[in-house]
Amino acid sequence: MLFDTPTYFNHQFPTPQYLGAKHTHLAWINRFIPNQVTTALDAFAGSQSIAFLFKQLGFKTITNDFLSFNNQIGLALIENNTIQLTDDDVNLLFSSAKNKKDFQLIENTFTNIFFQQNEAEFLDNLRANIPLLKNRYKQALAYTIINRSMTRKITMGHFGHTQALQYASNPERIKRNRSLIRPLKAIFEDLLSEYNHAVFDNQQDNRSYHKNILELLPILEKIDLAYFDPPYCDSHADYQSFYHLLETFTEYWQDKQFINGIKRYEPQRFSGFDKKREVIASFEKLFELAEDIPHWLISYNNRSYPCVEEFEKILSKHRQVKIEEKTYANGRGGKGSVAGSKEILFICQPKKKHFLSVIGQG
Ligand SMILES: C[S@@+](CC[C@H](N)C(=O)[O-])C[C@H]1O[C@@H](n2cnc3c(N)ncnc32)[C@H](O)[C@@H]1O
């Protein structure tokens, strides 16, 4: 394993644009991964950056996120060891769909909010064709690449604002980011080889799940290391408002309302980790359910709720805890990564058991 492992680092993780993604902290987090891990869990995987590192390290990787579009990245890059998208697949995706009239959700909901009509139609057409790809990993790659294309095209890479079209006609902004005026089709074509090259076989049976972590943990077994990167409650924790468009495109909701200026779906999925009134009870439950997993690494931020000291107190009931921290010099926006705030890593090990020897009397 020692000699095979480095070759997996030839496969690069395609740079994501996702609030709180840890691709910029990979080397730092890697330093605290314990020895002798066989199976590792990325429990709140988002863009899958840490799951990808686990896969590169040769671990059997179990990854999970409660949002469907993130699970598609997990299926495409973590669970999938061999399948790529070919030119024929791409031609099929771009071909004129036979069942167009059943696929108008994006055009009807988001035209003139995030896209001009022709781009919205392109998205509906491609979405109609995805199920025609014969393999679930090809489908997952298609979702992953078109969703990433959308975050390239829309200013700030999220959908929690209504400035997209205004910014896309602002010459100053276009100069900084030409993707604002490029067709989604061209962006998709550019990204294709990067994603195909990120598919590799680490000789393990990796799995991607799409569940609330509190429902997933009870059905998992034999995990050596769990990485928890929950939403940083009280600072940009509402992933469903920022990325509603990607979830709507992937799920193609027929049973939701689309509300507010941004047309986010309602009702939202239940997280348990994004609202102050629920988050402490959710952490208590998370740590109880993870009791059998010996090693935990937990990403946190000093602007999150509960505060670092209180969080450590909750953790200390279960584990021996060490804290590492990194200060953000430049804020990149979102999820507490503002300048001066601190990225925290809790390194948690089983508590040492102390045995008292009793000298027999008599
Ligand atoms: C801070 S982000 C993770 C970022 C990730 N480590 C990365 O590098 O991209 C937190 C993630 O938790 C997910 N999430 C929120 N509540 C969840 C729950 N109850 N179960 C599973 N995932 C959840 C969100 O969808 C979001 O992607």
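Here are legends for several close-up views of a predicted model.

**View 1. Two domains of one protein.**
Let us start with the overall division. The protein splits into domain 1, made of 1-66 + 203-235 + 273-362, and domain 2, made of 83-198 + 238-262. Between the C-alpha centres of domain 1 and domain 2 there are 30 Å. Where the two touch, domain 1 supplies eight residues and domain 2 supplies ten residues. On the domain 1 side of this contact you will find four nonpolar residues, three polar residues and one charged residue.

**View 2. The surroundings of the ligand.**
How many residues surround the ligand? The answer is 25 residues, and the closest are G20, F44, G46, S47 and S271. Sorted by class, this shell has twelve nonpolar, nine polar and four charged residues.

**View 3. The seven-stranded sheet.**
Follow the strands across and you can read their order as β3-β2-β1-β4-β7-β9-β8, in an open sheet of seven strands with mixed pairing. Which strands sit at the edges? They are β3 (207-209) and β8 (320-327), each pairing on one side only. On average, and ignoring direction, neighbouring strands of this sheet are turned by 15 degrees against each other.

**View 4. β7 beside β9.**
Look next at one pair of strands in the sheet. β7 and β9 (residues 342-349) run antiparallel and are joined by six bridges. To find your place, look for L297, which stands opposite I347 in β9.

**View 5. Helices against the sheet.**
Helix α3 (residues 68-79) packs on the sheet and touches β2 (60-64) and β3. The direction of α3 makes about 180 degrees with that of β3. Another helix, α15, lies across β7, β8 and β9 and runs at about 150 degrees to β8.

**View 6. A290 in its loop.**
A290 belongs to the loop between α14 (276-289) and β7 (295-301). Is A290 buried or exposed? A290 is buried, because 21 other C-beta atoms lie within 10 Å, and 20 or more are needed to count as buried. Leaving aside residues up to four places away in sequence, A290 touches L217, A226 and W296. I145 gives you a sense of scale: 145 residues separate A290 and I145 along the chain, and their C-alpha atoms are 33 Å apart.

**View 7. Two cis peptide bonds.**
The peptide bond from E266 to P267 is cis, with omega near 0 degrees. P267 lies in the loop between β6 (264-266) and α14. Now move to Y305 and P306, which are joined by a cis peptide bond with omega of about -5 degrees. P306 sits in the loop between β7 and α15 (308-316).

Q48 is not a glycine, yet its phi is positive, at about 80 degrees. You can find Q48 in the loop between β1 (39-42) and α2 (49-56). Why does Q48 count as buried? Q48 counts as buried because it has 32 C-beta neighbours inside 10 Å. K222 is also a residue other than glycine with a positive phi, near 55 degrees. Its loop lies between α11 (213-216) and β4 (225-228). K222 counts as exposed because it has 10 C-beta neighbours inside 10 Å, and a residue with 12 or fewer is exposed.

Conventions. Residues numbered from 1 in each chain as written. Predicted model: local features only at pLDDT ≥ 70, side-chain atom pairs only at ≥ 80, totals over all residues. Domains from an automatic or database assignment. Contact = placed C-beta atoms within 7 Å. Nonpolar A, V, L, I, M, F, W, Y, C, P; charged D, E, K, R; others polar. Near = placed C-beta within 6 Å. Helix = DSSP H or I, 4+ residues; strand = E, 2+ residues; numbered from the N terminus. Pairing = 2+ DSSP bridges. Axes fitted to C-alpha atoms, helices over the stretch in contact; angles between N-to-C directions.
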